[in-house]
Amino acid sequence: MTGRPTLAVVGATGAVGTVLLGILSQRADVWGEIRLIASPRSAGRKLAVRGEEVEVVALTEEALDGVDIALFDVPEEVAARWAPVAVAKGAVVVDNSGAFRADPEVPLVVPEVNAHAVRRRPRGIVAGPDCTTLTMIVALGALHAEFGLRDLVVSAYQAVSGAGQAGVAALRRQLSLVAGTELGTGPGDVRRTVGDDTGPFPDPVALNVVPWVGSLCDDGWSSRERDVRDATRRILGLPRLPVAVTCVRVPVITAHSVTVHARFEDEVTVDRTREILATAPGVVLCDEPAAGEFPTPADVVGTDPTWVGRVRRALDDATALELFVCGDNLRKGGALNTAQIAELLAAETAAPAGR
């Protein structure tokens, strides 16, 4: 590669893809051509990137010609089919789906935690973890580096945008149906009002929480809960780390929240924990409960960092910490992490100055 690399955004019109275009316009411009690719039904649309209108083209083999780095934000089945095609065309792929996360020949990368892993990619593909893992892993990685993580228990409260545009549309429809009604006093009244129109969720999300995200795995675990466990182990390099996860869908448009109970090898202190979090790249410490200062989805939506509050030592264990973490699932939870990985690749492959 000579000069500035050609970048393709595959899935440019999706929920994360549109956020990614905004992020590419805000960050240091290291790219040559930026090519926007989506499904045939979106071909011909024009989207703004770097202050210019760029026409979307359909995903074909020809659309991937001459691409140096391809960012995939598409369903797993699309990524599984087309990422190898892009690699065969000469591109390095950064995939935001779950298609390659478990592949031992595909590094799973969060630049603030394990940027070095991007250098070994036998299949020419680099994967990013799920949005729930990304909500907590930057803060958790900083604490692990200091104290040594021993086991982890998390509950994730996931926004409906984690299910894409269909999830957002479903919540908005449901809210319009329940607005002004007196619900919540009898069993099933929300479901009767919403009816069968639950969108991509098994139950209504409006005025409700749904303790299920993903598909059914062995022993009652959901696929998303397994994803969080497996991704945390891989990114931190702790293949046997005990991890217990419960994922819950909540009536929030954007920004996931996670409660974290983390136990470490060494004794922890709140003061040292605050110092670590206050200086960790990509983390904002927001923790003054007496003043009502702690992160909520409404506070962090539209921002890039992981926000951490409610920092306290466990009541019965001097080696354990309790945290509340929030992050925009469309930004660091997807688009930003993808852009950061792409920038690592661009820096690695760029020609020396003057060539």
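The structure is a predicted model: local features need pLDDT of at least 70, side-chain atom pairs count only at pLDDT 80 or more, and totals for chains, interfaces and linings use all residues. Residues are numbered from 1 along each chain as its sequence is written, and side-chain values use heavy atoms, with hydrogens and water left out.

Helix α7 covers residues 223-236. Helices (H or I, at least four residues) and strands (E, at least two) are DSSP runs, numbered from the N terminus. α7 has 14 residues and reaches 20 Å from its first C-alpha to its last. That is close to the 20 Å expected at 1.5 Å a residue, the expected span being 1.5 Å times one less than the number of residues. Its buried residues are S223, R224, E225, V228, A231, T232, I235 and L236. Buried means under 20% relative accessible area, exposed over 50%, and partly exposed in between (1.4 Å probe, protein chains only). The buried residues of α7 pack against α3 (111-114), α4 (131-147), β9 (149-158) and β10 (243-249). Contact here means heavy atoms within 4.5 Å.

Rolling a probe the size of a water molecule over the atoms shows where empty space is left. A pocket is an open set of points on a 1 Å grid over the protein atoms alone, where a 1.4 Å probe fits, with protein on both sides within 12 Å along at least five of seven lines; lining residues have an atom within 4 Å of a point. The largest pocket holds about 1300 Å³ of space. Grid points are joined across faces, edges and corners, and the volume is the space filled by probe spheres set on the points. The lining comprises 46 residues, of which V74, P75, G162, A163 and G164 lie nearest the centre. The elements giving two or more residues to this lining are α1 (15-26), α2 (76-88), α5 (165-178), α7 and α10 (331-349). By class, the lining has 19 nonpolar, 17 polar and 10 charged residues. Ala, Val, Leu, Ile, Met, Phe, Trp, Tyr, Cys and Pro count as nonpolar, Asp, Glu, Lys and Arg as charged, and the others, Gly among them, as polar.

P75 sits in the loop between β6 (69-72) and α2. P75 counts as partly exposed because its relative accessibility is 47%. P75 and E265 are 190 residues apart in sequence and 39 Å apart in space, C-alpha to C-alpha.

A nonpolar core is a set of buried Ala, Val, Leu, Ile, Met, Phe, Trp, Tyr and Cys residues joined through side-chain atoms within 4.5 Å. The largest has 60 residues, and F72 and V260 have the most contacts inside it. α4 gives the most to this core, with 9 residues. Beyond neighbours within four places in sequence, the contacts of F72 include V10, W82, V93 and D95. A second, separate core of 33 residues includes L7, L24, A38 and V56.

A38 belongs to strand β2 (residues 34-38). A38 is buried because its relative accessible area is 6%. Residues up to four places away aside, A38 touches G11, A12, T13, V56, V57, A58 and L59. A38 and L59 are 21 residues apart along the chain, yet their C-alpha atoms are separated by 5.6 Å.

L207, not a glycine, has a positive phi of about 55°. L207 lies in the loop between α6 (189-194) and α7.
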